[in-house]
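Subject: Handing over a structure

Hello,

Here is the structure I promised to pass on to you. Please have a look at it first, and then read my notes below.

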Amino acid sequence: MKKHKIALPIVVEGKYDKNTLSQIFDATIIYVGGFSVFNSKEKQALIRKIAVNGIIVLTDSDGGGKQIRSFLNGILPKEKVHNLYIPKIKGKEKRKSAPSAAGTLGVEGMERDTLVRVLSPFVVGDGENGEAHTRVNFCDEKERKMLTKLNFFEDGLSGADGASEKRARLALYFELPPDMTANALLEALNIITDYDGYKKAVDELFGE
């Protein structure tokens, strides 16, 4: 089965996450070894080096994944990091005897179609069926109307009663983790959709 090509390197948590992605994507994939990256100067230096032209961070949607993502965002230039998120799905990876502490699947447990959808904004070249894939965000963002914090405020997604609940519903609509911060959700939406897609979702979810 033909792999999807991704030009930017991808950082994941563990070797099983890397193995899963390697079966689907033709890309440079680095795994950080979980929390060990916090104390590994060598791994940090490697990640900084390969992030020169941009890097994709794809961690699990549990608490540990959040900590690792936050750490990576802290050691890399903000403009170089493209954060992508897997949905929160209850379950257990086949290789494990018991679910994780959070009870949700990690990157390694995601279905192929889910991972292709999550990473599709960065797929380049020909896909499995010969269709042309291009990144939908960073190559043409000057022509796209980007979402801003003001959009969230105007739509009651920040600075209003019930804003966090509304953001959770919006995140789930786009198959994103429901407990994302407002800034993280805004960044993710600007990667996976555009202003019109956002407004369509808001109207469907909260329109009167």
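Let me start with L119: leaving aside its neighbours within four places in sequence, this residue is in contact (heavy atoms within 4.5 Å) with I6, I10, L21, F25, I56, L58 and L84. Before going on, please note that this is a predicted model, in which local features need pLDDT of at least 70, side-chain atom pairs count only at pLDDT 80 or more, and totals for chains, interfaces and linings use all residues. Residues are numbered from 1 along each chain as its sequence is written, and side-chain values use heavy atoms, with hydrogens and water left out.

Buried stands for under 20% relative accessible area, exposed for over 50%, and partly exposed for values in between (1.4 Å probe, protein chains only). Helices (H or I, at least four residues) and strands (E, at least two) are DSSP runs, numbered from the N terminus.

Now to the charged side chains. The structure holds seven salt bridges, each being a side-chain nitrogen of Lys or Arg within 4 Å of a carboxyl oxygen of Asp or Glu.

One of them joins K66 and D179, with the closest N and O atoms 2.9 Å apart. K66 lies in helix α3 (residues 63–75) and D179 in the loop between α6 (163–173) and α7 (182–192), so this pair ties together parts that are 113 residues apart in sequence. K66 and D179 also belong to a network of salt bridges with K88. K66 is partly exposed at 40% relative accessibility, and D179 is partly exposed at 33%.

A salt bridge also forms between E175 and R117 (3.1 Å, N to O). This pair links distant parts of the chain, 58 residues apart: E175 is in the loop between α6 and α7, and R117 is in helix α4 (residues 112–119).

Finally, E204 and K200 meet at 2.6 Å, N to O. They are four residues apart in helix α8 (residues 195–206), so about one helical turn separates them.

Best wishes
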